[in-house]
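Here's a quick briefing to read alongside the sequence and the fold. Have a look at the helices and their charged side chains as you go.

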Amino acid sequence: MHLAPFLAAPARRSYPRQVLPVALSLTTGDVILIVVLVAIPISLATFVLGAGNALKQVGKGQFAVEYDNDLPQRITDSSGASSGQAREAEIRQMLEAKAYRQRARGDAPLDVEAELGRLLLEERQAGSVGVDRGLVEEVRQLVVARNERRVRQGKEPLDVDEEVERQLRELENLGQ
């Protein structure tokens, strides 16, 4: 039996001829530090480029609460002339309901027509009393300035009081 092949020194494996000296000198802490320092700018760039749209979508969706400014357009009453008639009809309905309740309790019922006339007369007499005096003055200043521009342009000036009332009516109807 030949023991020579078993007793001979094992053959050496050949490694790549050149191993990077930097790779051999790095410790585990150095590798972690390098990975973190490389990951931070990449994550910041990803956040800046992609998160803007994602942040705008937070809170949106099927069950999100929509506020007035989120809605595409407001629903407004386009019939400004009939709004006075509609208001009068609503006031009449409320007064009739009040009179019905009083009659059902056994009290003396309310005269609907007399009360309606009184309420509408008070409303007309009050006019712009409920309007803020500062707002009226500010609108008046704007109308005066507009009239000065119109005169410089050679146009006829507007009646200040009528224009103030018109603009206040428009401002009053903005909230509806």
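Leaving out residues up to four places away in sequence, N147 touches P157, L158 and V160 (contact means heavy atoms within 4.5 Å). Bear in mind that this is a predicted model, where local features need pLDDT of at least 70, side-chain atom pairs count only at pLDDT 80 or more, and totals for chains, interfaces and linings use all residues. Residues are numbered from 1 along each chain as its sequence is written, and side-chain values use heavy atoms, with hydrogens and water left out.

**N147**
- N147 sits in helix 6; helices here are DSSP runs of H or I with at least four residues, numbered from the N terminus.
- With 9% relative accessibility, N147 counts as buried (buried is under 20% relative accessible area, exposed over 50%, partly exposed in between, using a 1.4 Å probe and protein chains only).
- The N147 side chain gets to the backbone nitrogen of L158 at 2.8 Å.

**Helix 6 as a whole**
- Helix 6 runs over residues 133-152, and its 20 residues reach 29 Å from first C-alpha to last, close to the 28 Å expected at 1.5 Å a residue (that expected span is 1.5 Å times one less than the number of residues).
- V136, V139, V143 and N147 are the buried ones to look for in helix 6.
- They cover an arc of only 85° around the axis, so they end up on the same side of helix 6 (the arc is that of the directions from the helix axis to the C-beta atoms).
- Helix 7 (160-172) is part of what covers those buried residues.
- On the face turned away from the buried side, helix 6 carries the exposed residues Q141 and R152.
- Just after helix 6, G154 takes a positive phi of about 90°.

**Salt bridges**
- The whole structure has 8 salt bridges, each one a side-chain nitrogen of Lys or Arg within 4 Å of a carboxyl oxygen of Asp or Glu.
- R146 and E163 pair up at 3.5 Å, N to O.
- R146 is in helix 6 and E163 in helix 7, so this pair ties together parts 17 residues apart in sequence.
- R146 is partly exposed at 27% relative accessibility, while E163 is buried at 9%.
- R166 bridges to E170, with the closest N and O atoms 2.3 Å apart.
- R166 and E170 are 4 residues apart in helix 7, about one helical turn.
- Through shared partners, salt bridges join R146, E163, R166 and E170 into one network.

Note on methods:
Helices (H or I, at least four residues) and strands (E, at least two) are DSSP runs, numbered from the N terminus. A polar contact is a pair of N or O atoms within 3.5 Å; within protein, one must be able to donate a hydrogen and the other to accept it, and residues adjacent in sequence count only if both atoms are side-chain atoms.
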